[in-house]
Number of protein chains: 2
Amino acid sequence: MAIDPLQLRRVSVFQNATDDDLKLFTQNSVERSIEEGEFFFFQGDSAVYFYVLISGRAKLMQMNSAGQQVNLRTINEWQMFGALGVVRENATYPATAQALEHSTALAIKSDFLREMMQTRPYLSFDLMKLMTGYIQEMQERYRELATEKVERRIAHAMLRLASQMGTKTINGDIELSFTRQDLAEMSGTTLYTVSRVLSEWEKQGLVEAGRERVLIRRPHELVRISEGGESIIG
Amino acid sequence: MAIDPLQLRRVSVFQNATDDDLKLFTQNSVERSIEEGEFFFFQGDSAVYFYVLISGRAKLMQMNSAGQQVNLRTINEWQMFGALGVVRENATYPATAQALEHSTALAIKSDFLREMMQTRPYLSFDLMKLMTGYIQEMQERYRELATEKVERRIAHAMLRLASQMGTKTINGDIELSFTRQDLAEMSGTTLYTVSRVLSEWEKQGLVEAGRERVLIRRPHELVRISEGGESIIG
DNA sequence: CGAACAATTGATCCTCATCAAACCTTGTGG
DNA sequence: CCACAAGGTTTGATGAGGATCAATTGTTCG
C-alpha cells in the first residue's frame, strides 16, 4: 500500500517542499513494517537510510557497553528519525530505534536527501531547525541530570511526555501510556524509584497510576515540582 | 585592528566559502574584546549575534535556577559559538558564554548568516555538519551521565579535553590546564570528587596533578578506564 | 486458569555530595 | 625579598539519596 506523497508535507522538514519534490522522495523510498519490540536500526549500523514514521510509535535510545539504556526521545507519526547520517557520507547511526508498537515507516536513502539539499536550501534549513531543537533539548536534559534531584527529573519527563503524546480527558486530566521502566529510562533513574515517586504522588492526589498508564490529575502541581517548588514528599 | 577576512576560512562552517563571502562576513561584523571572567552573552539574551572566537578561550555553560552550572563545551580559537539562534528569528541563547581568559571574537549578525544561507547551500550544510556533531556528543554525554560512575566520566571528560586543547610534551605525556571545578562541571560531579579521583590516579602513576594543571602520563590507561575496564582504584 | 509481564514495597548497601578545616601555590605590595 | 591575601587543592568525617536485591502482589491476555 503506497503512501500519498502529499501526506509527506506533515513532516516538519518537508513542510516547504514542492509537490514534485515530495513525489521524488516517495519514489526513492521503501516502506518498512516493523513489529512491536523489533528494531529499525541499531547504534553503529551504517546509516544508509533515514526514516519517516507513518504509523505506530518508536523510541530512540542509546545503550552503554553493559547494556544499560537511556531513552533519547520517542518518535510519533510523521516524525523523522535516523537523520544524523544525512550530512556525512558513510556515517553510522549514533542511536538505536525500536518500535513500541506495530509501526510502518518510509525508508529514504540518506544519499538522496543529501543530494537534494545541494539545490534546495529550504531542506537544509528546515532540517537545521529541527536539529537546533534537539540540541537545546539535550543540553537541557543534560543539565537537569547533572544538577536536579530525581523527583524533579521525573516530573519534567512526564511533562515532556504529556506534551508529546498525552491525551486530555473531559475533565482536564491528562492520560499517559508508558511503563515505569520507560519513564525511568527517560529520566535517568530506575523503575523502582519511579514507582516509589508515583506512589507518593498518588497519595497526594496528584496522579492516578495504573499498569502502563498514568493519569495526571493536577498538571499544575507537576509543573511546580519540575520547576523546583519544594516537594510535597517527605 | 581588523581581521584578515581570509583567516575566517579556518572556521569549519566557512571552510567552503568564497573569498568574497568571507569579506562580506567581516564587513557585517563587529570585533568584541572580553576580559577573563566576563561574558559574551547570557542564557536567555536575545540571540542577535553569533560569534567566532579569534583569540583566547571561552566556555559555554548552562545553569539551573539554583545557580548550579554545567559546562557544555569549551571554545577555542576559530570556533563558532552562539549559532543556535541563526535558524529561528528572534531566538534567545540557550546557554551562557564566558571568557576563560582575555578573548576577542567576531560578532556577526545572525540575520545576516540566515540570509546568506538562503542562497549558499554549503553554509547550511557545513553548519549542519557541526550541529550533528554536537547532537551526538550531547547524546553520548547524557547517556554517560545517566549510566556511568564518576571515575569513568572524569576519565572521559579529561580525554575530551585532551583532544580539544591538550599539548603533547616531548616524551608523549599530555598537558592539560584547568581547575578541578572546571573538570567537575564537565563531568557532572563536584570538585571534591575530582580531587579525590585525581589523587588516586596520581598514586597509581597515571597522572601528575598540580595547580590548574594535569599531566597525563599514561593516556592509554585513561582510555581503558573511560571504556569501562575495571578501575585501578579500590 | 495459568503464564508472562508490570508494579509495589521493604531492607540493605554504596556511591557521592556536602561540610569543615587545613594546606599549597601564585602573585602583589610594602 | 618577605609577608600576606586570594584562590585553588586536599583530605577527613558524615550522611543523604538512590541503586540494588528480593519477595510479593497486581494485571492482562491467550
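Predicted model: local features only at pLDDT ≥ 70, side-chain atom pairs only at ≥ 80, totals over all residues.
User: Which element gives the largest share of the surface near DNA strand D?

Analyst: A residue counts as near a strand if its C-beta atom lies within 6 Å of it. DNA strand D is surrounded by 19 residues, and B:T179, B:S195 and B:S199 are among the closest. Helix 6 (191-203) of chain A, and helix 5 (180-187) and helix 6 (191-203) of chain B, each give two or more residues to this surface. The largest share, six residues, comes from helix 6 of chain B.

User: Which helix gives the most to the surface near DNA strand C?

Analyst: The residues around DNA strand C number 19, with A:T179, A:S195 and B:K149 among the closest. At least two residues each come from helix 5 (180-187) and helix 6 of chain A and from helix 6 of chain B. The most, six residues, is given by helix 6 of chain A.

User: How many charged residues does the surface near DNA strand D have?

Analyst: The 19 residues around DNA strand D include A:K149. Sorted by class, this surface has six nonpolar and seven polar residues. The number of charged residues is six.

User: Which residue of strand 8 of chain A is the bridge partner of A:S33?

Analyst: In chain A, strand 1 (residues 29-34) and strand 8 (residues 103-109) run antiparallel and are joined by six bridges. Strand 3 (residues 49-55) of chain A is also antiparallel to strand 8, again with six bridges. The bridge partner of A:S33 in strand 8 is A:T104.

Definitions and conventions:
Residues numbered from 1 in each chain as written. Chains lettered and ligands numbered in written order. Helix = DSSP H or I, 4+ residues; strand = E, 2+ residues; numbered from the N terminus. Nonpolar A, V, L, I, M, F, W, Y, C, P; charged D, E, K, R; others polar. Pairing = 2+ DSSP bridges.
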